Amino acid sequence: MKNILIIGITLAYAALSAGICFMLFPKNRDTAAAGSISKEDSRMNLLLILTAALFLRLPCMLLNHDGDLQYFMKASEEFLSQGFYGFFRRWDIVYPPFFEYLLFIIGKLSSALGITFVYGSKLTTFIFKIPGVLCDLLTGWALYHMAHSRWAKLQYAETLGLTLSLLYLFSPVTILDSAYIGQVDSIYSLFTLLTVYLICAKRLEWSYFTFAAGFLFKYQIIFITPVLIFGIIHQVILTDFSWKRFFHHLWTGLAAIGCILLSYLPFLYQPSTGEFRPGDFFLTFGNSLGSYGRASLNAYNFWTLMGYNLVDENTAFGPFSCRTWGTIVIIALVCASIALFLKYRRDTSAYPMIGAFLIFGMYCFSTKMMGRYLFPALGLLFLGFVLKPNRQRFLCALFPTNLLFCCIVLDYLYYPYSAYRPELLMPRIMSVLVLGCFGFLVWTMVGEIREKSR
């Protein structure tokens, strides 16, 4: 029964994706479904989409799955009883400060309402899933707003925005990740999307703070650091350079860094005793970088294809260890992103594609990757389509959206760590499909560069 349901969901969303693809890009351009929708009707339609997406998630939010919910509950309770100071030392693996503050707020509000957390209860499960689900809805709204802002003068702006919001909010992977498993990838994925969009919209100063906020929810946002640097080079140094603008951006960037440092202060300083332990700041980074030291953690990528899933990353693979190869890959991807930035010739529509390229490439070839780490690339690929709506970019967004759902289903429901065996065939098939999907993204970007060079 479970197999039939999952296959049915996958096929239904694939059919929806294909139908919208043919609607947006028919063989006969004259029949394109790009009719004009009034702003009032469009907003009402968006409200209906958001409402339907929420009600679709509500039943899933009551279901308990053994994800990180136990950590969320225990951390929230500990903040109420012991405070923030020393938390990084008491726990081996922690989230950055903003997420810990979110857990504290959830605990505080629940305590004020007389709610006692009980792991496995429907109410406790529901409460801790609310932030992820809200960020899913905000991402759907943001995609609509971005499409509307980009193509405000064109007839199909409203249709395009509603279509992207619908595709994102009703994609099974967003429902599975946030509403059922209870993960929080949607939170920092939203800040990843906002950061790149603000760079493209030439609101660079705001992007510093959205990047900082994303970093304080989850460290993986550093994957798109080159994109932020490219935006600074393009808009501050290469375009109408002046020392006044340079120092303005410098102080704004330092202010964002200062906010990051200040957010750690309650975890490092105890006002009642005056004790200050700055070493805990580096401890949390060390624990995060050194945790999960495996070549792959059920991420269906190159390492799983080679039979190295759940294998220690220090295991030899050819002349180097898997960990060394992962470092080489990161350096190579950053160098490749620089080449793409130069080849695209300051085309801002390339930024989300380069960001997705970095996230996708690290997911496919770096070590310590989990199955969910591809999630932030989805929003960037949809943004890439918003900035340059063509069939290739549309497929670049849809292929991984469909595929990641299958990957997370296999990871959490079929082959968790305890059930995984090297001889399994399906994970390797899925790895081939994921690598092929990354290859299609690279092929699309190379094709755009060649077309631009002509």
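Reader: By class, how many nonpolar, polar and charged residues does the lining of the largest cavity have?

Author: This is a predicted model, in which local features need pLDDT of at least 70 and side-chain atom pairs count only at pLDDT 80 or more, while totals for chains, interfaces and linings use all residues. Residues are numbered from 1 along each chain as its sequence is written, and side-chain values use heavy atoms, with hydrogens and water left out. Ala, Val, Leu, Ile, Met, Phe, Trp, Tyr, Cys and Pro count as nonpolar, Asp, Glu, Lys and Arg as charged, and the others, Gly among them, as polar. By class, the lining has four nonpolar, four polar and no charged residues.

Reader: How much space lies in the largest cavity?

Author: A cavity is a set of points on a 1 Å grid, over the protein atoms alone, where a 1.4 Å probe fits but cannot get out; lining residues have an atom within 4 Å of a point. Grid points are joined across faces, edges and corners, and a volume is the space filled by probe spheres set on the points. The count comes to one cavity of 30 Å³ or more. The space in the largest cavity is about 40 Å³.

Reader: Which helix supplies the largest share of the lining of the largest cavity?

Author: The lining consists of Asn 64, Leu 69, Met 73, Tyr 119, Gly 120, Thr 124, Thr 125 and Phe 128. Helices are DSSP runs of H or I, at least four residues long, numbered from the N terminus. Helix 3 (69-82) and helix 6 (122-150) each supply at least two lining residues. The largest share, three residues, comes from helix 6.

Reader: Are helix 9 and helix 10 roughly parallel or antiparallel to each other?

Author: Axes are lines fitted to C-alpha atoms over the stretch in contact, and angles run from 0 to 180 degrees between N-to-C directions. Helix 9 (residues 185-200) and helix 10 (residues 204-217) pack at about 165°, with axes 8 Å apart. Angles under 35 degrees count as roughly parallel and those over 145 as roughly antiparallel. Helix 9 and helix 10 are therefore roughly antiparallel.

Reader: How many charged residues does the contact of helix 9 with helix 17 have?

Author: The axes of helix 9 and helix 17 (residues 375-387) come within 8 Å and cross at roughly 30°, which makes the two helices roughly parallel. Contact means heavy atoms within 4.5 Å, and the residues that meet include Asp 185 and Tyr 188 of helix 9 and Phe 375 and Leu 380 of helix 17. By class, the contact has ten nonpolar residues, four polar and, of the charged class, one.

Note on methods:
Parallel < 35°, antiparallel > 145°, perpendicular 65-115°, else oblique. 1 Å grid on protein atoms, 1.4 Å probe; cavity = no way out; pocket = protein on both sides within 12 Å on 5 of 7 lines; lining within 4 Å.
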